[in-house]
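Please keep the sequence and the model open beside them as you read.

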Amino acid sequence: MPTRYIGDGYWEIASRQMSIVTRSQQQRFKDAKITVIGCGGIGGQTIEMLARMGIGELRVVDEDAFDISNLNRQTLATLSDVGLAKSDVAADKVRLINPYVKITNFNEHVDETNIDKIISNSDIVIDALDNVLTRVIVSRKAKEKEIPYIHGAIHGTLGQITTFLPENEKTYEEMFNLPSSGKELTEDVIEDLKNVTSGVPPVIGPTPNLVACLEAIEAFKIITGIGKVIAAPEILTFDLLDLSSFSLQEI
């Protein structure tokens with residue numbers, strides 16, 4: 001550990017990455033606020049990675065509680081957490097990992113009535129969701145507020161990730177050709193969005209956790225300015241059963 005960091009807990013935690021970023025770049029990350037919507041398979045690992053990398057402030061959101069079926073992939077979950085609110089567990093875990101992170105959790109459903117409150121003043125919003133309707137609501141508000149919106153999704157062994165920056169012309173809805181694109185969220189449009197995804201998708205642990213780590217590093221890149229961000233219309237896709245499938249493409 002570089003001796004210049006000894007005695008300052010935050011910088012001791014971050015010391016192993018200080019040959020990758022400068023002090024001022026890490027300070028920007030320390031000063032940043034990120035909102036993660038979803039504390040499950042993707043969200044839990046994203047939250048943990050952001051805390052370990054030294055994000056200054058986190059807002060975490062989830063309306064659900066842990067159940068037994070979450071244990072195959074959701075790294076925040078243990079048997080003792082079954083029945084507990086995911087956002088509460090996430091906040092407690094962050095405090096144990098990095099007490100220098102300011103953490104606020106929301107144990108509530110995200111919709112058009114509270115999204116403004118939830119993402120207000122965020123530097124980045126991270127999508128760790130499992131349904132298209134909420135993604136539309138979140139991506140629209142992020143676009144309106146000119147906040148980078150990092151999207152990640154999985155199905156079985158398949159994963160994808162991209163970022164919608166404020167300057168991107170293509171929106172989340174346009175990129176994925178959703179039935180809501182360019183329309184108000186009427187009852188009919190909402191019903192169409194609900195029909196885009198149905199049922200409980202298959203999932204194996206490494207898939208959401210890999211997407212989560214990629215989302216966390218994209219957030220780190222955006223805030224510190226290092227590296228090239230995977231920005232729409234580019235999207236990174238993969239299938240863990242076919243390692244040659246990892247590809248960056250434009251859609």
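1. The buried residues of helix α6 pack against β1, α5 (115-119), β4, β5 (149-155), α7 (172-175) and α8 (187-194), where contact means heavy atoms within 4.5 Å and buried means under 20% relative accessible area, with exposed over 50% and partly exposed in between (1.4 Å probe, protein chains only). Helices (H or I, at least four residues) and strands (E, at least two) are DSSP runs, numbered from the N terminus.

2. Please bear in mind that this is a predicted model, in which local features need pLDDT of at least 70 and side-chain atom pairs count only at pLDDT 80 or more, while totals for chains, interfaces and linings use all residues. Residues are numbered from 1 along each chain as its sequence is written, and side-chain values use heavy atoms, with hydrogens and water left out.

3. How many of the 13 residues of α6 are buried? The count is 10 of the 13, so this helix is largely enclosed by the rest of the structure. The buried set is made up of Val 132, Leu 133, Thr 134, Arg 135, Val 136, Ile 137, Val 138, Ser 139, Lys 141 and Ala 142.

4. Helix α6 covers residues 132-144 and reaches 18 Å from its first C-alpha to its last, close to the 18 Å expected at 1.5 Å a residue, the expected span being 1.5 Å times one less than the number of residues. At the N-terminal end, Asn 131 caps the helix, with a side-chain oxygen 3.4 Å from the backbone nitrogen of Leu 133. After α6 comes Glu 146, which has a positive phi, near 60°.

5. Side chains of opposite charge can pair when their charged atoms come close. A search of the whole structure finds 12 salt bridges, each being a side-chain nitrogen of Lys or Arg within 4 Å of a carboxyl oxygen of Asp or Glu. One of them joins Lys 141 to Asp 116, with the closest N and O atoms 3.7 Å apart. Lys 141 lies in helix α6 and Asp 116 in helix α5, so the pair ties together parts that are 25 residues apart in sequence. Lys 141 counts as buried at 15% relative accessibility, whereas Asp 116, at 34%, counts as partly exposed.

6. Another salt bridge brings together the side chains of Glu 234 and Lys 228 (2.9 Å, N to O). Glu 234 is partly exposed, with a relative accessible area of 23%, while Lys 228 counts as exposed at 56% relative accessibility. Elsewhere, salt bridges that share partners join Asp 116, Lys 141, Glu 144 and Lys 145 into one network.

7. The largest nonpolar core has 43 residues, and Ile 34, Leu 50, Ile 55 and Leu 58 touch the most other members; such a core is a set of buried Ala, Val, Leu, Ile, Met, Phe, Trp, Tyr and Cys residues joined through side-chain atoms within 4.5 Å. Among the elements that give two or more residues to this core are α1 (9-14), α3 (41-53) and α9 (206-224), and α9 gives the most, with 6 residues. A second, separate core of 26 residues includes Ile 115, Ile 119, Leu 129 and Ile 137.

Terms used:
A polar contact is a pair of N or O atoms within 3.5 Å; within protein, one must be able to donate a hydrogen and the other to accept it, and residues adjacent in sequence count only if both atoms are side-chain atoms.
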